[in-house]
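Subject: Structure handover

Hello,

Please find the structure below, followed by notes on what was found in it.

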Amino acid sequence: MAKKRFREGTCCVLTVENQSELHYAMPARCMEYDALEYAGQLRKRRIRHKREKDLKGSAQFLSGLTPEEKLDPVVTLVFYHGKKKWEASRDLHGMLNFEGENEMFRKYTANYRMNLYTLEDLKEEHFTTGLRDVIAMMKRSEDKEAMKAYCRENENRFQEMEEETYDVISVMINHKKMDEYKEKNRTEGGKVNMCRAFDEMMADSKRDGIRIGEKRGEKRGEKNGERKFAALAGRLMKDSRTADLERAVNSETFRRKLHREYGMG
């Protein structure tokens with residue numbers, strides 16, 4: 001995501017890279033992004049000067065810039081919100097091999113420092129906008145009880161949450177019914193009661209868990225029943241009791257009697 005920031009006649013290009021996984025080449029990748037942005041600025045300046053024919057002298061024609069002309073600074077921020085701790089390089093030198101005789105080239109090799117921010121680096125209490133709650137919930141994303149506790153501790157804000165903040169948290173939670181909860185729990189002014197929505201999500205998740213457990217139990221019961229009947233059929237065939245086997249197929253009561261007879265429970 002890139003955005004230009006204008007203030008008092010100046011401009012700065014701000015770029016944000018969101019990472020949920022470790023990226024071992026990220027310093028080089030960010031450096032490439034910045035270089036491409038600067039190259040794009042130079043290309044636009046050359047095109048404009050060519051159109052206006054205002055460059056003077058060979059140095060200006062070669063550069064495509066006037067001596068006073070400056071490019072807009074480019075700042076790339078990497079926001080890492082993955083589960084693992086960031087263990088990759090934070091600058092270009094960390095990616096380069098300076099072992100042995102290569103060490104002598106370190107001081108001649110330009111470094112590129114990546115602007116990396118992780119969830120560990122960010123303190124939610126330092127923010128006053130909805131970003132405060134987004135960061136707090138992201139930090140607790142692996143623990144629904146902790147998320148619920150934070151929601152209760154900040155109930156006043158969560159009862160009237162901005163829709164944009166709710167949407168960001170919904171993406172992070174990744175529950176299929178978050179949009180449905182939002183529509184059911186709207187408040188005046190277009191805001192959303194996140195506390196009620198979160199309670200509904202927890203209740204649905206609990207019910208889903210129970211249903212999944214029941215289905216798994218049913219499947220295990222069916223498999224156990226099949227194995228048990230197969231064992232019984234084997235015993236009956238061995239004892240040449242084909243008539244009893246046919247009767248057992250059609251009568252659960254008779255099957256239970258045969259199970260007890262053969263000590264199969």
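The largest pocket has a volume of about 780 Å³. For this, a 1 Å grid is laid over the protein atoms alone, and a pocket is an open set of points where a 1.4 Å probe fits, with protein on both sides within 12 Å along at least five of seven lines. Points are joined across faces, edges and corners, and the volume is the space filled by probe spheres set on them.

Before the rest, a word on the source. This is a predicted model, in which local features need pLDDT of at least 70 and side-chain atom pairs count only at pLDDT 80 or more, while totals for chains, interfaces and linings use all residues. Residues are numbered from 1 along each chain as its sequence is written, and side-chain values use heavy atoms, with hydrogens and water left out.

Back to the pocket. Its lining (residues with an atom within 4 Å of a point) is made up of 28 residues, and His 81, Gly 82, Lys 83, Leu 119 and Ser 141 lie nearest the centre. Helix H3 (131-139), helix H4 (144-153) and helix H6 (163-173) are the elements that give two or more residues to this lining. H6 gives the most, with four residues. By class, the lining holds 11 nonpolar, six polar and 11 charged residues. Here Ala, Val, Leu, Ile, Met, Phe, Trp, Tyr, Cys and Pro count as nonpolar, Asp, Glu, Lys and Arg as charged, and the others, Gly among them, as polar.

As for the chain overall, it has 10 helices and four strands, taken as DSSP runs (H or I of at least four residues for helices, E of at least two for strands) and numbered from the N terminus. Their order along the sequence is β-β-α-α-β-β-α-α-α-α-α-α-α-α. Of the 265 residues, 31% count as buried; buried means under 20% relative accessible area, exposed over 50%, and partly exposed in between, with a 1.4 Å probe and protein chains only.

In H4, Met 147, Tyr 150 and Cys 151 are buried. Seen down the axis of H4, these residues fall within an arc of 105°, so they line one face of the helix; the arc is that of the directions from the helix axis to the C-beta atoms. Glu 145 and Glu 153, on the other side of H4, are exposed. In helix H10 (residues 252-261), the buried residues are Phe 254, Leu 258 and His 259. Their arc, seen down the axis of H10, is within 145°, so they too line one face of the helix. Thr 253 and Arg 260 are exposed on the face of H10 turned away from the buried side.

Some loop residues are also listed here. Glu 8, in the loop between strand S1 (2-7) and strand S2 (10-19), has a positive phi of about 50° although it is not a glycine. Glu 8 counts as exposed, at 80% relative accessibility. Lys 53, in the loop between helix H1 (26-52) and helix H2 (57-63), is not a glycine either, and has a positive phi of about 55°. Lys 53 is exposed at 74% relative accessibility.

Arg 186 sits in the loop between helix H7 (178-184) and helix H8 (194-238) and is partly exposed, with a relative accessible area of 33%. Leaving aside neighbours within four places in sequence, Arg 186 is in contact (heavy atoms within 4.5 Å) with Glu 163, Lys 191 and Val 192.

Regards
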